[in-house]
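Hi everyone, thanks for making time for this.

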Amino acid sequence: MKTYKNLYKKLCSLKNLELAFKKARKRKTKKYYVQEFEKDLKEELNTLHNELTTLTYKPKPLRKFIIRDPKTRKIHISNFRDRIIHHALVNILEPIFEKIFIYDSYASRKNKGTHKAVERLYHFIRKVSNNGKLVKNPHTNNSVIGYALKADIKHYFETVNYKILLKILNRKIKDKNVIWLIKRILDNFNKKTKGMPLGNLTSQFFANVYLNDLDYFIKHKLKAKYYIRYVDDFVILHSSKKQLIKWKEEINQFLTNKLKIELHPDKSKIIPLKNSINMLGYRNFYYYKLLRKSNIKKFQRKFNNTNKTHIEQLLKSLTGWFGYAKVANTYKLRKLLMTKIKPINTFLLFIKSAKAKSNKL
């Protein structure tokens, strides 16, 4: 296995820190804390450079808040200068680990994402079902053969083991200063032995590194051909229910013994392909896909609570949601929403025109 030394100098370089700053400020240029940092950018980056090179860098405390979407989640936000360090670290580590990640891991990776994962799921469903071959005595034309093990890991981000994560990283990274920086970032959340904060770029990256061993176990040890993972949410498809039952037991043993985590007992189930597979916000049937009702309600709450006079905020929300919704069979739903949006759009144009006139006066 190829290993990497002497990475820290490149990580600390001003060139890497400048690139990290540009990535950290993306879509946040109007934020007050970004503008404050940018006022004296050269000095701020030099300070970070000096703290890293002298090994005196210390992250600021994380800011915690709760979101309900509808599941309650604790989100931890790093200070902006610390986010620059996170990007600087991932800039160095990502090209190294990207080479060993499997093709069908879709979270937090370039040219992947939720839409690609759903496309791949449908490709696998067609393969397993022999292009829609029906079961005996089918009830509907969606009663195709085959099964899916739909699973996720119980309290994944809260239970990632530091010692195991560092051991996995040490297989490739032989630079003790890079490992020192990783420990600093991990300890800033929890000085015990486990857990990563939801909201950090490094947490998203380490989540893939940690479960790469699971990917290899499923692909190379179990020889599962049709497997997709998105963070800790994964699906395995097969024509045999018995095979999936056996694999589920073996996967849970591997997770418990090797990674000190476990499958969620309530959310890890074997589903006939004639039923929908709930994945990444979609209810995936063979011939069509629908949005989950909870996601529709979440959007409606967000839309109703959005200040309609904040044009950019509203348009950003609508554009993002329509891009997500059009992947599913949602023509009637989108048409209904457009009837509600048209009066608002007229109002927004009126506000925009009034502002333009007042600026001329």
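Let me start with a definition: an axis here is a line fitted to C-alpha atoms, for helices over the stretch in contact, and angles run from 0 to 180 degrees between N-to-C directions. Helices (H or I, at least four residues) and strands (E, at least two) are DSSP runs, numbered from the N terminus. With that in hand, the axes of α3 and α5 come within 10 Å and cross at roughly 80 degrees. Angles under 35 degrees count as roughly parallel, over 145 as roughly antiparallel, 65 to 115 as roughly perpendicular and the rest as oblique. So α3 and α5 are roughly perpendicular to each other.

Before more detail, a word on where this comes from. It is a predicted model, so local features need pLDDT of at least 70, side-chain atom pairs count only at pLDDT 80 or more, and totals for chains, interfaces and linings use all residues. Residues are numbered from 1 along each chain as its sequence is written, and side-chain values use heavy atoms, with hydrogens and water left out.

How confident is the predictor? pLDDT is its confidence in each residue, from 0 to 100. The protein chain averages a pLDDT of 86, and 82% of the residues score at least 70. Please be careful with residues 357–361, where pLDDT stays under 50 and the model has 0 contacts beyond four places in sequence. Contact, by the way, means heavy atoms within 4.5 Å.

Now the overall picture. The protein chain has 14 helices and 9 strands. Buried residues make up 45% of its 361 residues; buried means under 20% relative accessible area, exposed over 50%, and partly exposed in between, with a 1.4 Å probe and protein chains only. Among contacts between residues at least 6 apart in sequence, 71% join residues at least 24 apart.

Back to the helix pairs. Which residues bring α3 and α5 together? Tyr33, Val34 and Phe37 in α3 meet Phe80, Arg81, Arg83 and Ile84 in α5. By class, that contact has 5 nonpolar, no polar and 2 charged residues. For those classes, Ala, Val, Leu, Ile, Met, Phe, Trp, Tyr, Cys and Pro count as nonpolar, Asp, Glu, Lys and Arg as charged, and the others, Gly among them, as polar.

Helix α3 (residues 32–39) also packs with helix α4 (residues 41–53), at an angle of about 90 degrees and with their axes 5 Å apart. These two are therefore roughly perpendicular to each other. Phe37 turns up here again: together with Glu38 and Lys39 in α3, Phe37 is on the side that meets Leu41, Glu44, Leu45 and Leu48 in α4. The tally for this contact is 4 nonpolar, no polar and 3 charged residues.

For another arrangement, look at helix α8 (residues 162–172) and helix α9 (residues 176–187), which pack at an angle of about 155 degrees with their axes 12 Å apart. That makes α8 and α9 roughly antiparallel to each other. On the α8 side we have Tyr162, Leu165, Leu166, Leu169 and Asn170, and they meet Ile179, Ile182, Lys183, Leu186 and Asp187 in α9. The residues of this contact divide into 7 nonpolar, 1 polar and 2 charged.

Let's finish with some single residues. Leaving aside neighbours within four places in sequence, Asn91 is in contact with Asn16, Leu19, Ala20 and Lys23.

Lys5 sits in the segment before α1 (8–12) and is exposed, with a relative accessible area of 57%. Even so far from it in sequence, at 169 residues along the chain, Lys174 has its C-alpha atom 5.0 Å from that of Lys5. Beyond four places in sequence, Lys5 is in contact with Lys174 and Asp175.

Last, some backbone angles. Most residues other than glycine have a negative phi. Asn111, in the loop between α5 and α6 (114–128), has a positive phi of about 60 degrees although it is not a glycine. Asn111 is also exposed, with a relative accessible area of 68%. Lys260 has a positive phi of about 60 degrees too, and Lys260 is found in the loop between α11 (241–259) and β6 (269–272).

Notes: pLDDT is the predictor's confidence in each residue, from 0 to 100.
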